[in-house]
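Here are my notes on the model, for your reading alongside the coordinates.

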Amino acid sequence: MNIPPRPLRLPPILTVFLPILVAIASVSCGGTAPEPTTEPPRPGFAIPANGVLTLVIGDGGTFSPMGGIETDYARDPRPVPFPLAVTAASIQPLGKGAILAINRTGLRRVEVKRYGPTTTGKAAETRLVIEPIPGIEAEFPGRTVASSWARRDEALFLLFRHPIFELQASRNPAAVIIAATSNGATVLEPGIGGDAYAVFPIAADSWLAQYRTESEDRVETRYARLSADGGLSESLERSTFERLASPEPMAAAPETLRSAASALSGPLLIEARLSDGSRRVYVRGDPGQAAPAWANVADGVATIVTDDWRVSLARSTGADVHTSTLNPLAPAPGTVVRDAALVDGIVIALWEEDLFPNVGASGLVALEPGL
């Protein structure tokens, strides 16, 4: 009688380790090893360690690296009056990042990301990430981006109807203030008045506002002081408004700002963002001859960027204040600084090709100052 062979039964320990042994044997005999794990692409744009990142903005409000003057200018050869141009108009630091307003377009969140070297060979680098903040785009057509400032944990932007260059039908209201965070934005309520033309946040809880109303036979200008929620505090005479809004001498500026200014030559007219969210203007020398400049004062550091591309920084270390200067090249001939801020240790300057009253190309420059 033929008895069929019994099936081979492996000891339990071999049942666990046999697949591993087979895989090792396969590799040793020339099999293919598993593919190494790859990292996802890092977002944003790399900021050179000892250089400058220059971005140019397109019609849709998107940024791209500036690859060459001739190429970029040929791609967008349609200068228009500055109130109507798609430009990087204003940047407001907020927390570790910033909120950027694109004229006629909308808002962008700006974030600095720092990466260390990786096991897969990627080098350490710093990158600038710019992303849309959706939901507020409809407020920008027909309005021009003016100044920005901060209120507690929000970035505020004035959008107004330009009385000379605006071509679209009037919005209702013509002027609004946008309150934004990195997660979203809304129109500030109550409004500040539809005919607001300029806002000067002279203190954390006090704003000055200028109004302009046109009729068939006259133009009326009014002035007011507002509370920090935009509500009317009191009407002002023109003389009072001008006194409150006029530039202060450099001696009245914070110590770090004075130190940063001392490293720059010539007359200066500095519009400074202060640590309480307000903005003040300081002057040194003849205001008519002064170079326009933008400053950021926060966390013991003051940064100044002039419109002719000089950068000065001052850091307080307690007993001393250390200053340094940088002289980055302009993105192209005829480009000037429109606004600037220090964002998580990175100097960001908004630039535009000045063809007054028109604007050509526009974008931003980011550099690591080595603070």
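Which strand gives the largest share of the lining of the largest pocket?

1. The answer is β13, residues 196–203, with 6 residues in that lining. Bear in mind that this is a predicted model.

2. The largest pocket has a volume of about 1,000 Å³. It is lined by 38 residues, and Val145, Ala146, Ser147, Glu271 and Arg338 are the closest to its centre. By class, the lining of the largest pocket divides into 22 nonpolar, 8 polar and 8 charged residues.

3. The second largest pocket has a volume of about 630 Å³. Its lining counts 30 residues; Pro93, Gly95, Ala298, Asp299 and Leu342 are the closest to the centre. Here the classes are 11 nonpolar, 9 polar and 10 charged.

4. Several strands contribute to the second largest pocket. β5, β9 (144–151), β20 (291–298) and β24 (335–343) each supply at least two residues of its lining.

5. β5 also belongs to an open sheet of 5 strands, in the order β1-β8-β7-β6-β5. The pairing is antiparallel. β1 (45–47) and β5 (88–94) stand at the edges with a single partner strand each, so one side of each has no neighbour in the sheet. From one strand to the next, the twist averages 30°.

6. Within this sheet, look at β6 (residues 97–102) and β7 (residues 106–115). They pair in the antiparallel sense over 5 bridges. Ala101 has Leu107 of β7 as its bridge partner.

Note on methods: Residues are numbered from 1 along each chain as its sequence is written. This is a predicted model: local features need pLDDT of at least 70, side-chain atom pairs count only at pLDDT 80 or more; totals for chains, interfaces and linings use all residues. Side-chain values use heavy atoms; hydrogens and water are left out. Two strands pair if DSSP finds at least two bridges between them. Helices (H or I, at least four residues) and strands (E, at least two) are DSSP runs, numbered from the N terminus. Axes are lines fitted to C-alpha atoms, for helices over the stretch in contact, and angles run from 0 to 180 degrees between N-to-C directions. On a 1 Å grid over the protein atoms alone, a cavity is a set of points where a 1.4 Å probe fits but cannot get out, and a pocket is an open set with protein on both sides within 12 Å along at least five of seven lines; lining residues have an atom within 4 Å of a point. Grid points are joined across faces, edges and corners, and a volume is the space filled by probe spheres set on the points. Ala, Val, Leu, Ile, Met, Phe, Trp, Tyr, Cys and Pro count as nonpolar, Asp, Glu, Lys and Arg as charged, and the others, Gly among them, as polar.
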